[in-house]
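Let's take a walk through a protein model together. Have a look at the sequence and the 3D view first, then read on.

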There are 2 protein chains.
Amino acid sequence: MSIKIQPEAIASLRGFEMPERLGFGTVMAPVMFRARYQDGRWSDGELIPYGPLALDPAAKVLHYAQSCFEGLKAYRCGSGVGLFRPERNAARMAHSAQRLCMPPVPETLFMDAVRVVVAHCAGLVPGNSGESLYIRPFLMGTQPDLSVTASRAYEFYVIASPSEAYHPGNMRLWVEREDSRAAVGGTGDAKVGGNYAASLLSISQLKARGYDQSLWLNPGNRRTVDELSGMNFFAVMDGALHTPALNGSILEGVTRESLLTLARDLGIEVHEREIDIDDLLKLVASGTCSEAFACGTAAIVSPISELGDSEQRYRLAQAPGPVATQLRQALLDIQEGRAEDRFGWMQMVQVARF
Amino acid sequence: MSIKIQPEAIASLRGFEMPERLGFGTVMAPVMFRARYQDGRWSDGELIPYGPLALDPAAKVLHYAQSCFEGLKAYRCGSGVGLFRPERNAARMAHSAQRLCMPPVPETLFMDAVRVVVAHCAGLVPGNSGESLYIRPFLMGTQPDLSVTASRAYEFYVIASPSEAYHPGNMRLWVEREDSRAAVGGTGDAKVGGNYAASLLSISQLKARGYDQSLWLNPGNRRTVDELSGMNFFAVMDGALHTPALNGSILEGVTRESLLTLARDLGIEVHEREIDIDDLLKLVASGTCSEAFACGTAAIVSPISELGDSEQRYRLAQAPGPVATQLRQALLDIQEGRAEDRFGWMQMVQVARF
């Protein structure tokens, strides 16, 4: 497909000044990609200035949450700019779209859209290790119609945000035994807004108690660990790495899969299995579980220092522990071009000149 | 609070022509109400022309589905225009907002907003029995910030749509045994987008098989009936009325509660209880369950003619049956002003002159 670069987009880029403090997801790049879907067809894409979207007040996305998104990053990789396994994000977004009855964004459209944004925002990729240009593709139903049916019109955007890592580390997790983020037979393995909306109350309540994130249990059995919101969970027990097996209510993280591959490569024993929360807490208390961490595109590898369950607090012996530190470094070394890309994970982007 | 009536809103109303065909939720009234929330305070409200909303591409509602809504109706009631139990919608919207960590819309703001829209759109309330002006209040998080936290800024709108009933009747339901609309500990008793998004795939698949709506089972036990999407379920067995008891994953319908009150008043035996789906299907097959219907603000009372479960089809003996017909008429007689409002359900609206 052809992508039209609006002259106003180039002007926005030329006029952009990078703020000193980045944080996560609050500084937005001054351009964005847009394509529209109507009558079974995708329009050509455009790179346009970042700015307000005009949405009909009856648009499906605003009432029935018919939208899905992805998160990936562009890194300063050696002397260039690289994307990390973006084809996996394209595939997952297609899966999420299908779950909510939306037309999947074709992989070529997804990749072209991400590339054109990164190519033009290469100058906005921050340079410190662990920082990056966070890329947020999203798809939403825009048809103005209050009936509970799938939209017939969609818009696909890619926005970008120069960002620090989402969590600096030493996270304190709250074992959430009441609320659920998604149902069995629900949308837990899709990256859709409803999962996140359902998690906000728990997150807000635990922050008031001094915790950082909810540890979600499986909504079917209420006793095995699923994930955090937007992050997967790992624990180290007797030197081996354990993570919940995919079960339909866990999001299949790109970082999760990459860490499993790196761990096996580094000779670390790996187990994807059901992790009973009560067993886990006992193993933390006894010291057999010596470290735990969360991972995700936004969070990278983020050590967990404590698990809170009702009145009990369980401190991890090592935070950060050696396994988290080793895996984080191995991952960043590939993403930032210091190590050979032995798994073919990086896709370098041709930087646009303007 | 004071509500500013924009002159452009009045001009939109004067220029509006009602289309001949209404359908449900597709013809939009030419004005809407808006109020904004920021820094812990609500702005004054405004009546403005209906038109596109300007939303930042990073607004929380578009990514994390932080939004909730309500549905109520204004009826031609005698010689005036009346609202049906709007205070219950205000209370439910406050509950939904709280579940998604949003500031509840104060009851006075909710009521003033609905009233000002109805007062100005009184001429758009259609006159045939079963038709009405459908009112859709909604609240959404608008802060541009990609972190998974509650928004600090919100917008509250009330839009309206002159509409026919949502379902004409004789619905065929599909017993959904795989997908869920909401989790135990999720958002099933809140009127939030994620529940509807999760239901779209099932609805789309069953339509391809000739059905109209999914009959959702409880996500915890997978064997008792919860509701339809946006409608509650009723069955008549040996002349008595049965409906699933509220259990945290069922939306507490205003029409549901009103029908229970009307039924008791009419001397019909009423049971709010767990309804096992396999028991229900057997009772339909034997004829003991002679009729079933769905109800909701949009659907009013909508008879069910068939339940489909895997390869089996279970036909209801009477569709519409006498109980559904009697209750529908009793409800509409109050809403449309033909019967005395013995329960104090109607609130008449002072029509605006312009």
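## Before we start

Helices here are DSSP runs of type H or I with at least four residues, numbered from the N terminus. Keep in mind that this is a predicted model.

## Chain A as a whole

Let's begin with the big picture. Chain A holds eight helices and 20 strands. If you follow the C-alpha trace along its principal axes, chain A spans about 60 × 50 × 35 Å.

How much of chain A is buried? Buried residues account for 64% of its 354 residues. Now take the contacts in chain A with a separation of 6 or more: 72% of them are between residues 24 or more positions apart.

## Two copies

## A lysine with a label

K191(A) sits in the loop between β11 (171–176) and α5 (193–208) of chain A.

Is K191(A) buried or exposed? Buried means under 20% relative accessible area, and K191(A) counts as buried because its relative accessibility is 8%. Which residues does K191(A) touch, leaving aside its neighbours within four places in sequence? Its contacts are C68(A), F69(A), E70(A), G71(A), R92(A), S96(A), Y196(A) and L251(A).

Over in chain B, pick out strand β2, residues 31–38, which is mostly covered, with six of its eight residues buried. β2(B) pairs with β4 (residues 45–49) of chain B in the antiparallel sense over four bridges, and there M32(B) stands opposite I48(B). β2(B) is also joined by six bridges to β10 (residues 153–163) of chain B, again running antiparallel. In that pairing, Q38(B) faces A153(B).

Then there's β3 (residues 41–42) of chain B, which pairs with β2(B) in the antiparallel sense over two bridges. Here Y37(B) stands opposite W42(B). The hairpin of β2(B) and β3(B) has two residues between the strands, and D39(B) in this hairpin takes a positive phi near 50°.

## Two helices to check

Helix α4 of chain B covers residues 107–120. At 1.5 Å a residue, its 14 residues should span 20 Å, and this agrees with its end C-alpha atoms, which are 20 Å apart. α4(B) is mostly covered, as 10 of its 14 residues are buried; among them are L109(B), F110(B), M111(B) and H120(B).

Now try helix α8 (residues 322–335) of chain A. Its 14 residues should also span 20 Å at 1.5 Å a residue, and its end C-alpha atoms are 20 Å apart, which agrees. The buried residues of α8(A) include V323(A), A324(A), L327(A) and I334(A). After α8(A) comes G337(A), with a positive phi near 80°.

How values were computed:
Residues are numbered from 1 along each chain as its sequence is written. Chains are lettered from A and ligands numbered from 1 in the order in which they are written. This is a predicted model: local features need pLDDT of at least 70, side-chain atom pairs count only at pLDDT 80 or more; totals for chains, interfaces and linings use all residues. Side-chain values use heavy atoms; hydrogens and water are left out. Buried means under 20% relative accessible area, exposed over 50%, partly exposed in between (1.4 Å probe, protein chains only). Contact means heavy atoms within 4.5 Å. Two strands pair if DSSP finds at least two bridges between them. The expected span of a helix is 1.5 Å times one less than its number of residues.
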